[in-house]
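Q: Hey, can you walk me through this one? I'm new to it.

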Amino acid sequence: MEDVGTRSQIVEDYLKAIFSLAERGGAHGGQHGGPAGGASEHEPVTTSRVAERLGLSASSVSGMLRRLAAQGLVDHRPYGGVTLTDTGLATALQVVRRHRLVEMFLVAQLGYSWDEVHEEAELLEHTMTDRLVQRIDAALGSPRFDPHGDPIPGPDGELPWVDAHRLSGLNPGDTGHLARVDDQDPAVLRHLTDVGISLGESIRLIERLPFDGPYVISTDNGRTHQLGPALANALWIA
């Protein structure tokens, strides 16, 4: 039988996964300045997407979602989307706050690179006390964003506003700056470091090559890059 700590960690993992998918996919109300942080797309959070995010089977995720719904943490309709209740959202935001503060602390204070911190934060986010979270926040000067540009929820659960769109959704000629990068795949972050693209970089979409080809961009240092569809989809331009 699972102990309380294990159940709590599993619940937190599910709620954070649902929040993260909604934050980037527009399925949770408040994408434009509210709790979910300004994502602009509108793909619903489904059982299959949660399963893919967590690396689990759809059947096991369906069973867990029913349990979370019975606990009042999610609203889940069979064959429909999944949304967090107010209680579920509050819990998810606490986990996200811990995760993103840990990532920022590891980079700012311990010399980690931005591609090394996600897995470390995945472990630490479940074991931190509120007192430690407050100390880390104070030591960092209450940062508003983590090393990947993701907004850090405040103690009250409010998220800084992020008005950004995926590079893959822009039109040729659109220009902005790199505001955030999806951090699930460290290889993406390492590649950006290798080619000299970092947060705040000015990005201009020149063209999308035909037949599902790469996105051609220019940066503020005058360099031109070709980015594959998966990489372009991981970059958010403000």
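**A first look**

A: Of the 238 residues in the chain, 47% are buried, where buried means under 20% relative accessible area, exposed is over 50%, and partly exposed lies in between (1.4 Å probe, protein chains only). This is a predicted model, so local features need pLDDT of at least 70 and side-chain atom pairs count only at pLDDT 80 or more, while totals for chains, interfaces and linings use all residues. Residues are numbered from 1 along each chain as its sequence is written, and side-chain values use heavy atoms, leaving out hydrogens and water.

Q: How many helices and strands does the chain have?
A: Eight helices and eight strands. They're DSSP runs numbered from the N terminus: helices are H or I with at least four residues, strands are E with at least two.

Q: Which residues touch the most other members in the largest nonpolar core?
A: Leu 15, Ile 18, Phe 19, Leu 68, Val 74 and Leu 84, out of 23 residues in that core. A nonpolar core here is a set of buried Ala, Val, Leu, Ile, Met, Phe, Trp, Tyr and Cys residues joined through side-chain atoms within 4.5 Å.

Q: Which elements give two or more residues to this core?
A: α1 (4-25), α2 (47-54), α3 (58-70), β2 (82-84) and α4 (86-110). The largest share, seven residues, comes from α1.

Q: And what is Val 74 in contact with?
A: Leaving aside neighbours within four places in sequence, its contacts (heavy atoms within 4.5 Å) include Leu 15, Ile 18, Leu 68 and Leu 84. There's also a second, separate core of 20 residues, with Val 181 and Leu 192 among them.

Q: Switching to the sheet: in what order do the six strands come?
A: β3-β8-β4-β5-β6-β7, in an open sheet with antiparallel pairing. Strands pair if DSSP finds at least two bridges between them. β3 (165-166) and β7 (224-227) stand at the edges with a single partner strand each, so one side of each has no neighbour in the sheet.

Q: Over how many bridges do β4 and β5 pair?
A: Three, with β4 covering residues 175-181. The bridge partner of Gly 176 in β5 is Ile 203.

Q: What about Ser 202, why does it count as partly exposed?
A: Because its relative accessibility is 27%. Ser 202 is found in β5, residues 202-208. Not counting residues up to four places away in sequence, Ser 202 touches Thr 175, Gly 176, His 177, Ser 218, Thr 219 and Asp 220.
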